[in-house]
Number of protein chains: 2
Amino acid sequence: MAEVAALGVDIGGTKLLALAVGSDGEVLDRRRLTTPRGDADALGGAIGELARELGPGLPLGIGVAGITDRDGTLRYGPNLAVEDVPLGRDLRGELEVPVAVHNDVTVALYAEWRIGAGRGADDVVMVTLGTGVGGAVIAGGRLLTGAEGLAGELGHLPVYDGGRPCGCGNRGCLEAYASGSAVGLRARERLTDEDGPSALRELDRDAVDGKAVTLAALDGDAFALEVLREAGYWLGVGLTGIVNAFDPAIVVIGGGAATRSAPIVVPEASRIVAERVIGADHRTLPRVVPAELADDAGAIGAALLALDEARSG
Amino acid sequence: MAEVAALGVDIGGTKLLALAVGSDGEVLDRRRLTTPRGDADALGGAIGELARELGPGLPLGIGVAGITDRDGTLRYGPNLAVEDVPLGRDLRGELEVPVAVHNDVTVALYAEWRIGAGRGADDVVMVTLGTGVGGAVIAGGRLLTGAEGLAGELGHLPVYDGGRPCGCGNRGCLEAYASGSAVGLRARERLTDEDGPSALRELDRDAVDGKAVTLAALDGDAFALEVLREAGYWLGVGLTGIVNAFDPAIVVIGGGAATRSAPIVVPEASRIVAERVIGADHRTLPRVVPAELADDAGAIGAALLALDEARSG
């Protein structure tokens with residue numbers, strides 16, 4: 001049996017998942033807790049305890065929903081109701097092991113790149129569709145971090161400036177058009193504004209969310225299919241910019257909302273990219289593919305990233 | 001006196017500039033030719049001759065207006081009326097020296113990064129404003145190339161999908177709103193549609209181009225100033241996406257149109273970035289600065305890049 005090589009922790013807004021991981025990404029042990037929200041000390045304490053239990057003395061990787069910097073500080077984590085938490089520094093001091101802290105999409109991409117849908121390529125972009133739209137980038141075989149570690153916020157690429165309001169306070173970001181929440185919102189708007197038939201009319205208005213739209217679309221509901229294809233169109237608009245900027249070999253589409261919607265959304269987005277990317281006739285188009293790893297991706301990727309960072313010094 | 005360390009060639013749509021460059025970017029000799037358009041053999045022949053004359057046996061760097069790949073093939077050069085020209089392969093074979101071929105913005109960025117407005121930072125983005133809008137990226141101290149060497153086409157980030165037509169065939173790219181040509185076009189439209197006073201009304205309609213608008217704005221013409229600020233606004237929208245994606249420490253604004261317009265356009269764009277970038281309150285904003293090197297930047301950068309590539313094997 002493989003040995004535990006690193007510990008990976010994925011801190012979500014409600015659940016915290018810790019995985020003891022082998023050097024090839026095999027999951028050897030796991031724990032799941034409720035995330036201590038709004039309490040930075042409790043958060044650090046819980047992770048320290050898990051690390052001592054599951055991977056004492058081993059590199060520790062953490063993925064967290066929020067903005068993290070190069071030093072491993074969670075600068076801004078609205079879903080966790082904390083800010084400026086020096087997780088990396090505190091845990092390095094306490095545990096005396098290498099600690100890598102990155103945002104949740106970055107660690108998920110790392111797992112997909114090492115052992116999932118992005119393996120084998122040196123240039124891979126991940127876009128996640130969920131409540132929001134996240135992004136992360138492997139460029140030239142390395143994580144793209146940027147000056148402060150904040151690179152890869154691809155959900156906030158503008159696609160239609162001044163358009164639909166986005167959670168970030170701007171209008172017209174990709175997230176406002178292609179997230180799971182955007183799909184639900186758009187369906188509710190169109191059900192109010194339009195007359196056509198749809199199984200979604202049988203639901204309470206509040207129950208018409210991204211998941212309900214996707215399930216109806218997969219069940220053949222023409223209205224729901226149209227709403228989802230519209231989100232796929234906008235994803236394609238955003239990906240056109242992303243491909244023009246990064247020239248990836250592979251684009252991995254992940255996130256909770258994509259788990260079911262990928263078969264509808266991904267082909268639509270790919271079609272737009274193929275039509276619009278610059279020099280399309282003179283280049284190999286990237287493969288746009290769904291993520292392969294499920295809910296464990298973030299914690300596995302965090303562990304592998306911590307391991308690789310520890311090895312490369 | 002410094003010794004010639006490499007030769008840099010900047011191939012534009014009309015002029016070809018060759019510079020013999022020292023190891024710190026000093027220009028030691030220069031030649032200027034008319035670009036042989038539509039004739040790949042003549043183009044390769046002219047560069048080979050310049051290399052033998054100005055830098056025999058030395059690394060050769062080439063910057064060219066068009067899409068170039070990792071192998072040094074000019075895949076698509078509409079301004080030169082050629083395509084799929086294996087410049088790198090042919091010149092390596094002929095001259096038996098290291099040959100680096102990149103697009104014109106990439107080499108200009110390389111010069112700004114090494115000895116100009118981007119020096120000292122590991123994460124630098126360049127956006128050029130001219131007939132079109134170009135881009136190039138240094139990420140983590142390395143050129144961002146992408147899978148095929150086509151990364152950095154930042155002028156074709158969508159900012160208003162379905163909006164103004166772009167030279168690339170799409171609608172709503174950054175280039176369609178922020179290029180020098182876009183400024184001229186927008187001014188001509190508004191002069192037709194609106195009644196207000198402007199010194200630009202004294203010109204023939206065809207003479208109202210980006211340069212004329214900029215000169216009038218610098219002269220205090222309120223209408224021209226408004227048109228230019230509008231381009232600055234859109235540049236800011238595009239830069240917001242670019243900063244969200246790349247998290248650069250420095251954004252260098254270059255290109256012919258920016259030479260004069262930077263004092264108006266850059267502050268406006270910076271203001272938008274500061275308002276809109278994700279997590280603005282939790283990060284250091286990048287400095288948005290005009291390019292420092294003038295028309296020699298491309299050839300100097302091509303030479304330095306060829307030198308660095310030759311050194312790193």
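Contact means heavy atoms within 4.5 Å. This is a predicted model.

**Arg190(A)**
- Arg190(A) sits in helix α5 of chain A, which spans residues 180–193.
- Arg190(A) has a relative accessible area of 8%, so this residue is buried, the cut-off being under 20%.
- Beyond its neighbours within four places in sequence, Arg190(A) is in contact with Phe223(A), Glu226(A), Val227(A) and Glu230(A).
- With Glu230(A) there is also a polar contact, side chain to side chain, at 3.1 Å.

**The sheet**
- Chain A has an open sheet of 3 strands, in the order β5-β6-β7. The pairing is antiparallel.
- β5 (67–68) and β7 (82–85) of chain A are the edge strands. Each has a single partner strand, so one side of each lacks a neighbour in the sheet.
- β5(A) is joined by 2 bridges to β6 (residues 74–77) of chain A.
- Across this pair, Thr68(A) stands opposite Leu74(A) in β6(A).

**The helix pair**
- Helix α7 (residues 222–246) packs against helix α8 (residues 256–276), both of chain A. The angle is about 45°, and the axes are 7 Å apart.
- That angle makes α7(A) oblique to α8(A).
- The crossing of α7(A) past α8(A) is right-handed.
- Residues of α7(A) that meet α8(A) include Leu225(A), Leu228(A), Gly232(A), Tyr233(A) and Val243(A).

Technical notes. Residues numbered from 1 in each chain as written. Chains lettered and ligands numbered in written order. Predicted model: local features only at pLDDT ≥ 70, side-chain atom pairs only at ≥ 80, totals over all residues. Heavy atoms only, no water. Helix = DSSP H or I, 4+ residues; strand = E, 2+ residues; numbered from the N terminus. Buried < 20%, exposed > 50% of the residue type's maximum accessible area, 1.4 Å probe, protein only. Polar contact = N/O pair within 3.5 Å; in protein donor to acceptor, adjacent residues only side chain to side chain. Pairing = 2+ DSSP bridges. Axes fitted to C-alpha atoms, helices over the stretch in contact; angles between N-to-C directions. Parallel < 35°, antiparallel > 145°, perpendicular 65-115°, else oblique. Left-handed = near helix turned anticlockwise from the far one by under 90°.
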